[in-house]
Amino acid sequence: MTALVRKSIPIVALLVFAMIIVGGLIRQGDKRREGSFVAMGGIPVRVVAYDRTSARFDQDLQAVEKEVERLEQMFSRHRRNGEIANLNATGRGCIDASPEVLHLLGQAKRWYEKSHGAFDVTVTPLIELWKAAERANAMPDERARAAAAARVGMDKVRFSDTRLCFERDGMAIDLGAIAKGAILDAAAKVMQGRGVRRGLVDAGGDVAAFGEGAFNIGVRDPFSSDRGRLMGVLTMREGGVVTSGDYERFVTIEGQHFSHIIDPKSGNPAQGLASVTIIGPNATDADALATAVSVMGRDRGIDLVRSLPDFGGIMVERRQDDSHVIWCSRGLMPLFELTSGWEERPIPF
Ligand code: AMP
Ligand code: MG
């Protein structure tokens, strides 16, 4: 018996050795892969997967692109014959809607409640009001403001599992503040469904990451029009990071820039925060919260983020004298590193 065991040891050792070599050869073909395509209004969408063969990754990339396109068509109010575009074209009464749209509306409603109405996907008439003001190069007048405001309010929308009802005529949904996050999460889910164990999807700095280990995510410089310029790098575990800011899209009236994010209560563009980066368990909620905080401003925004233990935030506050202050969730302080040129220490909250 002892002899048998002794004899079998070299055989076992050889087998293990052979397995390591063969395993090593297989793994050599599996490494970090990266690809991209353009979507969501001209943004490069970067897809990264670890431990993937080149052939498989090509298919992953195609599957992700297909899903992004499908959801964009569904969620964008600017897509001809898209579901939201069609709902808005009706803009009154009750209309059938898909489970996916109704699910996202349910999530939007949750953030409407949590933000006490600062996040409101029915804000469309006010967005259109400010776009018209830009075209006319004149501030919107009181009557036009009141008329738009009367058609805004998530409390005037009811929905069930199959239908959506507008309580006022001329209402319209704009999912722009939450759909990008939802699309990133859906893209990450497609990859996971295909067997990718670790990876990320990045749309212009907004990221959904999944799998073990840490990910380093660049946070954009809110004062630069160059997308590639970073303010800092955030180290995260799986989840979502989304930044809301006025550096990308804004309206210009009489030479003055206004944010594309509107405070539904006042009807005015949000002010005060140049950018809000939110990190959370998924990109959908991070996206909604980043927009909500942009509307709520420094103090109320900080209070909201602090009340949500699964979320953290980094905000750049614009001061009257054109200086700025960086605010950072206490828990994120050791995970956030500013790039050179940003010498000031963030203030923890
Ligand atoms: P984000 O870049 O995620 O902050 O989304 C901004 C977009 O959301 C805007 O371009 C509008 O389409 C829409 N939006 C503007 N204000 C609000 C608001 N208060 N609540 C929800 N969506 C908004
Ligand atoms: Mg958002």
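**Pockets and buried core of the predicted model**

The second largest pocket holds about 540 Å³ of space. A pocket is here an open set of points, on a 1 Å grid over the protein atoms alone, with protein on both sides within 12 Å along at least five of seven lines, and lining residues have an atom within 4 Å of a point. Grid points are joined across faces, edges and corners, and a volume is the space filled by probe spheres set on the points. Of the 23 residues lining the second largest pocket, Asp246, His257, Gln271, Gly272 and Arg318 are the closest to its centre. The structure is a predicted model, in which local features need pLDDT of at least 70 and side-chain atom pairs count only at pLDDT 80 or more, whereas totals for chains, interfaces and linings use all residues. Residues are numbered from 1 along each chain as its sequence is written, and side-chain values use heavy atoms, with hydrogens and water left out.

Strands E10, E12 (256-259) and E13 (273-280) each supply at least two residues of the lining of the second largest pocket, and E12 gives the most, with four residues. Strands (E, at least two residues) and helices (H or I, at least four) are DSSP runs, numbered from the N terminus. By class, this lining has ten nonpolar, nine polar and four charged residues. In this division Ala, Val, Leu, Ile, Met, Phe, Trp, Tyr, Cys and Pro count as nonpolar, Asp, Glu, Lys and Arg as charged, and the others, Gly among them, as polar.

Gly240 is buried, because its relative accessibility is 0% and buried means under 20% relative accessible area (1.4 Å probe, protein chains only). Between Gly240 and Pro281, which are 41 residues apart in sequence, the C-alpha to C-alpha distance is 5.9 Å. Beyond neighbours within four places in sequence, Gly240 is in contact (heavy atoms within 4.5 Å) with residues including Val207, Ile278, Pro281 and Ala286.

Ile278 is one of the residues touching the most other members of the largest nonpolar core, a set of 74 residues. Such a core consists of buried Ala, Val, Leu, Ile, Met, Phe, Trp, Tyr and Cys residues joined through side-chain atoms within 4.5 Å. Helix H8 (residues 283-306) gives the most to this core, with twelve residues. Not counting residues up to four places away in sequence, Ile278 touches Gly240, Leu289, Val293 and Phe311, among others. Another core lies apart from the largest one and has 23 residues, among them Val48, Val207, Met236 and Val316.

Helix H8 also holds Ser294, which is buried with a relative accessible area of 5%. A polar atom of the Ser294 side chain lies 2.9 Å from the backbone oxygen of Ala290. Sequence neighbours within four places aside, Ser294 is in contact with Ser244, Ile261, Ala270, Leu273 and Val276.

Val196 lies in the loop between H7 and strand E6 (199-203) and is buried, at 4% relative accessibility. Its contacts outside four places in sequence are Ala49, Arg52, Asp60, Met191 and Phe210. Val196 and His260 are 36 Å apart, C-alpha to C-alpha.

Conventions
Chains are lettered from A and ligands numbered from 1 in the order in which they are written. Buried means under 20% relative accessible area, exposed over 50%, partly exposed in between (1.4 Å probe, protein chains only). A polar contact is a pair of N or O atoms within 3.5 Å; within protein, one must be able to donate a hydrogen and the other to accept it, and residues adjacent in sequence count only if both atoms are side-chain atoms. On a 1 Å grid over the protein atoms alone, a cavity is a set of points where a 1.4 Å probe fits but cannot get out, and a pocket is an open set with protein on both sides within 12 Å along at least five of seven lines; lining residues have an atom within 4 Å of a point.
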